[in-house]
Amino acid sequence: MNRPAMDAYWMPFTANRHFKSAPRMLVKADGMYYTDDAGRQILDGSAGLWCVNAGHNRKPIVEAVQQQIATLDYAPPFQMAHPKAFEAAEKLAAMAPQGLDRVFFVNSGSEAADTALKIAQAYHRVRGDAARVKLIGRERGYHGVNYGGISVGGMAGNRKHFPVSLPTVDHLSHTHDLARNAFSRGEPEHGAELADELEQRIVTLHDPSTIAAVIVEPMAGSTGVLIPPKGYLKRLREICDKYGILLIFDEVITGFGRLGADWAANKFDVLPDILTCAKGLTNGVVPMGAVLTKREIHDAFMAAAPERAVEFPHGYTYSAHPLACAAAIATLDLYQDERLFQASAAKSQVFEDAAHALRSTRHVKDIRNLGLVAGIELESRTGAPGQRAFDVFLKCWEKGALVRFTGDIIAVSPPLIISEAEIQQLFGIIDYAINATA
Ligand SMILES: Cc1ncc(COP(=O)(O)O)c(C=O)c1O
């Protein structure tokens with residue numbers, strides 16, 4: 001197939017020069033498979049980019065978007081609306097963790113993170129508690145690429161080129177502890193006490209009356225599938241409650257069935273005050289994110305502003321875009337009609353066993369998993385961190401499987417429709433690829 005000219009497109013989070021020397025081009029997708037420009041079938045082991053939870057080219061979603069674009073292509077979201085914005089919000093609220101029933105729409109996970117941080121700070125302000133401005137993130141956290149998100153985030157590589165952060169930020173320690181937790185199946189046993197750092201160091205240092213919110217991913221995905229230790233999130237919740245600090249869960253990856261439950265909040269039985277989601281919200285078909293809040297947070301804004309005033313001066317030209325709303329409604333219906341979150345739970349054991357079967361494969365120093373996500377951590381090559389996993393990723397591609405890698409960790413997160421045979425096929429290819437890599 002003739003390839004297009006490749007000079008103009010500056011690719012995101014990509015080794016541009018390497019890619020353009022040997023492109024990996026996707027031209028079609030259906031169900032569990034991509035097709036590349038040579039006509040090869042590629043098993044999707046990463047749900048696109050953690051977003052295509054219902055599999056590709058799903059008819060109800062495709063038709064909903066097609067119909068929407070021919071009916072109402074765009075509607076301004078400021079001082080105007082369209083019915084599907086309300087319908088999508090009601091549907092999302094109805095299936096959200098109970099108690100989170102107010103929905104602010106955005107266009108991505110990054111925008112969701114920054115919006116959540118702004119809601120948290122402004123919430124305290126509208127209640128007359130304006131000193132609460134500090135935001136606490138966590139090492140190895142990923143909350144997208146905007147300035148709020150990278151400030152509270154803890155991916156060193158994403159911060160070092162932009163050495164300006166929000167000034168009112170601190171970070172908890174990460175929970176990754178291979179010395180005690182290597183090869184854990186599900187939640188690791190050790191590390192709940194790491195949450196105590198919030199009380200013992202951060203609250204003490206900053207004074208709780210200055211802290212607006214703590215933001216964490218219940219499971220850190222992009223920094224290498226870091227499953228929370230048993231009891232850790234509950235402990236965070238308790239400390240936040242004790243000091244009037246809002247707890248924000250970034251569920252951009254963990255929402256919509258990834259962990260074998262609808263939400264991580266339900267999986268771990270910990271209700272945050274604010275929750276962000278994106279990706280699986282539209283099955284990746286149209287960009288969309290959302291911030292869900294407890295009703296009292298929303299109501300505090302309504303109560304504080306005069307009747308005809310804008311209560312929260314924030315939003316995007318494409319907030320609640322008609323195509324995104326149509327895609328979200330169809331996607332959420334599909335998840336429910338096909339009981340895909342239950343399916344994810346039902347396949348977790350087979351997935352876990354297939355992942356841990358690679359335990360004795362060379363270079364492997366840890367395997368961890370929960371629901372339909374697994375991380376396979378490899379020994380790094382001396383002086384070349386990340387290169388071994390990059391080679392494994394390339395070998396998987398050659399063999400017909402798409403996986404993600406971050407540092408020297410392979411992340412596996414297929415669409416929830418994956419069959420048991422495809423689970424075996426996927427881990428078989430990964431095993432081959434690791435063995436074939438120096
Ligand atoms: C937890 C989390 N938050 C935020 C984001 C950013 O989402 P987006 O790339 O849609 O801006 C991601 C993306 O992977 C994520 O995993």
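Predicted model: local features only at pLDDT ≥ 70, side-chain atom pairs only at ≥ 80, totals over all residues.
The domain assignment of the protein chain gives two parts: domain 1 covers residues 16-54 + 339-435, and domain 2 covers residues 62-337. Between the C-alpha centres of domain 1 and domain 2 the distance is 26 Å. Where they touch, domain 1 contributes 32 residues and domain 2 contributes 29 residues. On the side of domain 1 that touches domain 2, at least two residues come from each of α2 (47-50), α14 (340-356), β11 (364-370), β12 (373-378) and β15 (409-412). Helix α14 has the largest share of this side, with seven residues. By residue type, the side of domain 1 that touches domain 2 consists of 15 nonpolar, eleven polar and six charged residues.

Seven strands form an open sheet with mixed pairing, in the order β4-β10-β9-β8-β7-β5-β6. Strands β4 (100-106) and β6 (169-172) are its edges, and each of them pairs on one side only. From one strand to the next, the twist averages 20°. Although β4 is an edge strand, six of its seven residues are buried, so β4 is largely enclosed by the rest of the structure.

Helix α12 (residues 295-304) lies across β4, β9 and β10, and its angle to β10 is about 90°.

The ligand is surrounded by 14 residues, of which the closest are Ser108, Gly109, Ser110, Gly144 and Val252. In the shell around the ligand, seven residues are polar, five are nonpolar and two are charged.

A separate antiparallel pair is made by strand β1 (residues 26-30) and strand β2 (residues 33-36), with four bridges between them. In this pair, Ala29 stands opposite Tyr34 of β2. The two strands form a hairpin with two residues between them, and in this hairpin Gly31 takes a positive phi near 60°.

Most residues other than glycine have a negative phi. Arg140, which is not a glycine, has a positive phi of about 60°. Arg140 is placed in the loop between β5 (134-138) and α6 (147-152). A residue counts as buried if 20 or more other C-beta atoms lie within 10 Å of its own; Arg140 has 21 such neighbours and therefore counts as buried. Phe256 is also not a glycine, and its positive phi is about 65°. The loop that holds Phe256 lies between β8 (246-250) and α11 (264-267). Phe256 is buried because 29 other C-beta atoms lie within 10 Å.

Note on methods:
Residues numbered from 1 in each chain as written. Buried ≥ 20, exposed ≤ 12 C-beta atoms within 10 Å, placed from the backbone. Near = placed C-beta within 6 Å. Nonpolar A, V, L, I, M, F, W, Y, C, P; charged D, E, K, R; others polar. Pairing = 2+ DSSP bridges. Axes fitted to C-alpha atoms, helices over the stretch in contact; angles between N-to-C directions. Contact = placed C-beta atoms within 7 Å. Domains from an automatic or database assignment.
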